[in-house]
Amino acid sequence: MKIPELQGHVDGMLLAVLSDGPLHGYGMAEELRRRSGGEFDLAEGTIYPALHRLESAGLLTSRWEVVGGRRRRVYALSNSGKAAAVDRRTTWLAFRCAVDAVFGGEALEAG
Amino acid sequence: MPARDPIDAYVSELRSELRVPRWRRRRIVLEVRAHLLDAAEAERAAGVDAGVAAERALARFGFASEHAAQFNRVPRTRSVLLRRTLVPWLAAGVLTSMATATVWAFRPATPATHREALHAAIQHSPRRSVHAAGHAATPGTSPTRRAGAP
């Protein structure tokens, strides 16, 4: 998938990945690739400004840990981040349902 | 001259383009370097030569200038903002209080002291002595003699 289409969803996808537990940046990149079956192939470096932005917004916490003999910054969802992750997923599912209906020629019930 | 390690060169380029506080720059550089080393190791584990592994890791990571620009746009954390606004105001309040206390401690004499000093000056002034002398020269007008007294 092309980068412009992915970029707007990076924050939500990072929150979704971290919903399963703390991870460092490289681990998140690998998990995004795995979950998408290789479909999402964005530049891995875009993850870090997104992580810093989410942390700045209070949705993530982070700390240094030694993982595999190397010092890495490990991120986790804050309480606000957990709520935001649920909210983003709910919003996305509603959006996907609506788009599916439009592409399928169906009309969803209002509300 | 040996060729510079491509990951070191990339990290140096990223560092030079970051316009963030020093502590943030250090953190970003450490995170990015760890990521690139992990990615290169994964390539080597797949049987790729070290030089090629590093180049592939860098290609997947993206351009340093673009990432630096994104980092430079990340807003500061609330705690940093709070420190940078609250601390100056607190410092100004403390300094103002200290200055006020110092000025108050070395303030000029109080009004009551002034009144006492002024009264003493009047008592000993030459004008009062002349006034007293004038009253004594005029018969029956001594300030110590009451009207009607013998």
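User: What volume does the second largest cavity have?
Analyst: About 50 Å³. Bear in mind that this is a predicted model.

User: Which residues line the second largest cavity?
Analyst: The lining is A29(A), L32(A), R33(A), F40(A), D41(A), L42(A), E44(A) and I47(A).

User: Which helix gives the most to that lining?
Analyst: Helix 3 of chain A, with 3 residues.

User: And how does the lining split by class?
Analyst: There are 5 nonpolar and 3 charged residues. No polar residues take part.

User: How many cavities of 30 Å³ or more turn up in the whole structure?
Analyst: The search finds 2.

User: What lines the largest cavity?
Analyst: Both chains contribute. From chain A come H24(A), G25(A), Y26(A), Y48(A), W64(A), R71(A), R72(A) and R73(A). From chain B come E31(B), A34(B), H35(B) and D38(B). Elements giving two or more residues are helix 3 (25–35) and strand 3 (70–77) of chain A, plus helix 2 of chain B.

User: Which element has the largest share?
Analyst: Helix 2 of chain B, with 4 residues.

User: How many charged residues are in that lining?
Analyst: There are 5 charged residues, alongside 4 nonpolar and 3 polar.

User: Back to helix 3 of chain A. Which of its residues are buried?
Analyst: G25(A), Y26(A), G27(A), M28(A), A29(A), E31(A) and L32(A).

User: What covers them?
Analyst: In chain A, the cover includes helix 2 (10–18), strand 1 (23–24), helix 4 (47–56) and strand 3.

User: Switching to chain B. Where does E43(B) sit?
Analyst: E43(B) lies in helix 2 (residues 22–45) of chain B.

User: Is E43(B) buried or exposed?
Analyst: Buried. Its relative accessible area is 12%, and the cut-off for buried is under 20%.

User: Which residues is E43(B) in contact with, leaving aside neighbours within four places in sequence?
Analyst: V48(B), A53(B), R56(B) and R60(B).

User: What is the mean pLDDT of chain B?
Analyst: The mean is 78, and 69% of the residues of chain B reach 70 or more. Over residues 132–150 of chain B, the pLDDT is below 50.

User: How many contacts does that stretch have beyond near neighbours in sequence?
Analyst: The stretch has 4 in the model. Where pLDDT is low, predicted coordinates should not be read in detail.

Notes
Residues numbered from 1 in each chain as written. Chains lettered and ligands numbered in written order. Predicted model: local features only at pLDDT ≥ 70, side-chain atom pairs only at ≥ 80, totals over all residues. Heavy atoms only, no water. Buried < 20%, exposed > 50% of the residue type's maximum accessible area, 1.4 Å probe, protein only. Contact = heavy atoms within 4.5 Å. 1 Å grid on protein atoms, 1.4 Å probe; cavity = no way out; pocket = protein on both sides within 12 Å on 5 of 7 lines; lining within 4 Å. Points joined across faces, edges and corners; volume = space filled by probe spheres on them. Nonpolar A, V, L, I, M, F, W, Y, C, P; charged D, E, K, R; others polar. pLDDT = per-residue confidence, 0-100.
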